[in-house]
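Q: I am new to this kind of picture. Could you walk me through how to read it?

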Amino acid sequence: MSAVTTTTTAVAASDAAELPQVRRRRRLSPGRRLPAARLAGPLVLLVLWAAASAAGTLDTGAIPAPWTVLRTAGHLWTDGTLPTDVLTSLERAAYGFAIGLTAGVLLALASGLSRTGEALIDGTVQLNRAIPTLGLIPLFILWLGIGETFKIAIIAIVVYIPIYLNTHAALSGIDSRFVELAEVQGLSRFTFVRQVVIPGALPGFFVGLRLGVTGSWLGLVVLEQINATSGLGYLMFQAQNYGQSDVILVGLLIYGVFGLVSDSVVRLIERRVLSWRRTLSN
């Protein structure tokens, strides 16, 4: 009997010794979030760019050194050119984004909550998605002229499509049992939308929002090089004519900073609004 007890104890001790190893092996989560992790990649690229420029391995005529670009940005800011162009670009992006965001959410709700709405809206949006948005520029110029209106309209189209698609997909993915439960509880249409639909659609909405924010900057850089007299795209277009690669890089870096900052803001809002979720990211 004592031998059996000794053997059992030894097996239990062996299992206990192996248990932490098993737990360590089965830890599949990414781990704790690193502070300012998304800045690591851009900083590494900046260091490599500076090192290659200092070593003389880059053609300064094609890719100026970071300090040259920084000096050019300072000159453009001092003479008042850069602040004016930056404010103009921000205004165009803001108007287009606001219109696209509103249209995308309203169309997604109308299509996702009604079969009639889906029949009338979803196919039209999918057709619009299949047409290259920048290919609509000549037609929109004929319709709206070469002023600010057509630029804002194109940006709005670029923004609303990803917001609609992701929000509509999230609405369609809501578990039907929640709908049945809401009907059993006798919830009104407004209460159902507020308590079930909106929380269920928020994750997809934020994915579309991030894509829409990025799309607004991508569309802007192209539009501001077409029949424009101000803006970062216009500044880059003029620099191309005079072979000023440092000015072009200034514009690209500002677009990149705008895109990174806006995406980070959306991510921050998403984490606050969806703090009740437990996912790999948090």
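A: Gladly! Let's start with a term we will need: a residue counts as buried under 20% relative accessible area, as exposed over 50%, and as partly exposed in between. Please also keep in mind that this is a predicted model.

Q: Which residue does the side chain of Glu 148 meet in a salt bridge?

A: The general idea is that side chains of opposite charge can pair when their charged atoms come close. Here the partner of Glu 148 is Arg 92, at 2.6 Å from N to O. This pair links distant parts of the chain, 56 residues apart: Arg 92 sits in helix H4 (residues 81-112) and Glu 148 in helix H7 (residues 148-172).

Q: Which residues are linked with Arg 92 in a network of salt bridges?

A: Glu 148 and Glu 224 are linked with Arg 92 in that network. The side chains of Glu 224 and Arg 92 meet at 2.9 Å, N to O. Glu 224 lies in the loop between helix H9 (189-223) and helix H10 (232-241), 132 residues apart from Arg 92. Both Glu 224 and Arg 92 are buried, with Arg 92 at a relative accessible area of 3%.

Q: How many salt bridges does the count come to?

A: The count comes to 6. One of them joins Asp 175 and Arg 177, with the closest N and O atoms 2.6 Å apart. In this pair, Asp 175 is partly exposed at 27%, whereas Arg 177 is exposed at 59%.

Q: Which residues form a nonpolar patch on the surface?

A: Look for Val 257, Val 261, Val 265, Ile 269 and Val 273, which together have about 390 Å² of accessible area. Val 265 is found in helix H11 (residues 245-273). With 43% relative accessibility, Val 265 counts as partly exposed.

Q: How many helices and strands does the chain have?

A: There are 11 helices and 0 strands. Of the chain's 282 residues, 36% count as buried. Among contacts between residues at least 6 apart in sequence, 72% join residues at least 24 apart.

Definitions and conventions. Residues numbered from 1 in each chain as written. Predicted model: local features only at pLDDT ≥ 70, side-chain atom pairs only at ≥ 80, totals over all residues. Heavy atoms only, no water. Patch = residues over 30% accessible without salt bridge, like charges linked within 9 Å, V, L, I, M, F, W, Y side chains within 5 Å. Areas by Shrake-Rupley, 256 points an atom, 1.4 Å probe, with all protein chains shown as cover. Salt bridge = Lys/Arg side-chain N within 4 Å of Asp/Glu carboxyl O. Helix = DSSP H or I, 4+ residues; strand = E, 2+ residues; numbered from the N terminus. Buried < 20%, exposed > 50% of the residue type's maximum accessible area, 1.4 Å probe, protein only. Contact = heavy atoms within 4.5 Å.
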